[in-house]
Amino acid sequence: MICISRHIKGVLKQFHNLLTAFFACCAISMVLPFEIMAAGALAGSEITNQAILSYRTGGLNQELSTSTSFRVDELVDLNLDVLDINPRIVLAGDTNVPIAYRLTNVGNGTESVRLTSDNAITGDDFSPIASSPFSIYLDDGDATFDIDLDAPYEPGINDPTLASDQSIVIFVFNDIPTGLTEADTGINELRAEAVTGSGTAWTDLGPNSGDNNSTAILGASGGQANASASYLVTTASLTLNKSATISDPDGGNSPVPGAVITYSIVASVTGTGTLDNIVVTDVIPNNTTYELNSLRLNNVSLSDESGDDAGDVGQTSIDTVTVSLGSMDENTTNQTIEFQVTID
Amino acid sequence: MKTPKILTLMTLMLSILILPVQAQDEGKISLQSIAEIEVVELDKEGKEVIVRKPAAEVLPGKMVIYTNIITNDGAEPATELHLDNPIPEDTIYVDGSATGENTEISFSVDDGSSFDTPQNLTVLDEEGKPRPATAEDYTHVRWQFEKELPAQKSYQVSFRVLVK
């Protein structure tokens with residue numbers, strides 16, 4: 001992937017130059033949480049009305065008060081959303097590709113929820129394969145997958161329990177079969193059912209079926225929620241081609257102190273399909289110093305600062321060139337990143 | 001057609017529960033507050049009719065009708081009557097729902113410190129600027145009775161709330 005002229009190969013080797021590229025399809029993307037208004041009055045709570053009467057009788061000021069109360073029923077209502085970019089771009093044979101869902105308890109009680117992931121959905125081109133040993137993981141609250149912190153889900157053993165208004169992110173991992181072709185789609189569906197009960201909307205589950213001796217009633221969702229997301233097969237892949245030229249102070253091309261190395265990274269997409277959120281990072285080699293304001297993208301100068309254009313140096317990551325290339329497909333012109341360093 | 005049946009079942013259950021609380025008798029004036037919900041039932045001809053049932057258990061989002069009844073069982077009239085009713089917690093006053101014959105109805109948006117008519121009430125918006133108050137801002141309803149309550153008579157006032 002990285003072409004370096006033989007002449008300077010030895011010099012560059014000791015610089016431990018690292019080159020990495022990140023694709024959106026490899027990282028869990030995050031979306032701002034949805035604002036869902038759940039019921040305000042908690043299941044089983046008492047709502048009390050108090051009336052206070054002031055009056056005069058027999059020449060005296062009098063005051064009198066009374067109250068009446070009722071109990072709030074439990075509304076069993078769930079909401080499920082897909083958080084990831086949908087569809088998720090995959091390559092045939094990819095393993096452990098997550099889809100993030102957000103489950104929200106939009107009812108007014110506390111609900112334990114049973115989760116089921118289903119890949120046998122009709123209307124798609126292939127069935128994703130549930131990753132093993134666990135396909136579903138429960139997020140620990142940061143909406144980012146971490147195998148050490150997020151709990152593998154086992155139905156009936158660690159069903160998530162959500163208070164009213166509470167949400168949890170759920171990661172469903174699937175493997176993509178081999179032998180697929182461009183634009184094939186595979187659907188994953190996540191189903192959530194309240195353990196309290198689910199079924200036809202507005203079903204009354206009877207006295208004491210809810211929290212705090214309240215009556216639980218299935219809300220508009222029927223106490224269940226489904227969401228589905230799809231995997232879209234692409235055969236596109238990104239190639240990064242890196243080269244370097246040296247210009248020494250004597251007008252030659254020897255890697256001596258004071259010599260300037262111009263690095264060039266050419267990004268191109270082969271195959272078919274679109275790759276999103278492409279970010280190229282390249283660490284400034286040891287024993288060299290970045291030449292200020294030398295970063296260029298397609299022969300256009302980029303500032304070293306972050307936030308003003310597609311690239312920065314040392315801002316996003318220390319001692320690192322970072323350039324965002326956005327989305328590319330097989331028809332996108334090759335993108336050329338250049339920068340210069342001086343050998344210390 | 002399933003909904004009315006479910007509601008009817010619900011109201012049957014509700015009707016056997018809590019009854020309104022009677023205030024202590026002081027000077028022969030009594031005050032009673034009743035909470036009711038409206039449910040759809042079928043009448044003898046099978047037509048859907050809306051009937052009121054005591055509110056014992058209520059779902060969020062439903063409307064509750066409060067009726068306050070003042071009764072004078074004494075021999076003397078009561079004068080200078082006014083009735084204050086804080087909007088119950090976890091409920092929202094339904095705009096325009098307060099009624100009461102021969103009363104002047106006002107509202108508070110400052111927890112009962114002051115009362116005024118809706119068009120004169122303001123609250124501060126997020127930027128600290130005054131804006132006209134809406135029904136959601138009301139904290140109290142007040143009925144100021146224009147007439148005395150004669151002996152052996154009763155008055156009643158009403159308002160509605162939505163359970164949050």
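My entries on the interface and on one strand follow.

**Ground rules.** I am working with a predicted model, where local features need pLDDT of at least 70, side-chain atom pairs count only at pLDDT 80 or more, and totals for chains, interfaces and linings use all residues. Residues are numbered from 1 along each chain as its sequence is written, and chains are lettered from A and ligands numbered from 1 in the order in which they are written.

**Interface.** I looked up the contacts (C-beta atoms, placed from the backbone, within 7 Å) and found 42 residues of chain B touching 34 residues of chain A. On chain B's side, α1 (2-15), β2 (29-42), β4 (57-58), β5 (63-72) and β6 (79-86) each supply at least two residues; helices (H or I, at least four residues) and strands (E, at least two) are DSSP runs, numbered from the N terminus. I noted that β6(B) gives the most, with eight residues. By type, that side of chain B has 24 nonpolar residues, 10 polar and eight charged. Here Ala, Val, Leu, Ile, Met, Phe, Trp, Tyr, Cys and Pro count as nonpolar, Asp, Glu, Lys and Arg as charged, and the others, Gly among them, as polar.

**Across the chains.** Strand β2 (residues 46-57) of chain A runs antiparallel to β6(B), joined by four bridges; strands pair if DSSP finds at least two bridges between them. Leu53(A) has Leu83(B) as its bridge partner.

**Strand β16(A).** I then checked residues 224-233 of chain A: seven of the 10 are buried, so β16(A) is largely enclosed by the rest of the structure. Buried means 20 or more other C-beta atoms, placed from the backbone, within 10 Å of the residue's own. Strand β6 (residues 88-90) of chain A pairs with β16(A) in the parallel sense over three bridges, with Arg88(A) partnering Tyr231(A). Strand β14 (residues 185-194) of chain A is antiparallel to β16(A), with nine bridges, and Glu193(A) partners Gln224(A).

Definitions and conventions: Two residues are in contact if their C-beta atoms, placed from the backbone, lie within 7 Å. A residue is buried if 20 or more other C-beta atoms lie within 10 Å of its own, exposed if 12 or fewer, and partly exposed in between; C-beta atoms are placed from the backbone.
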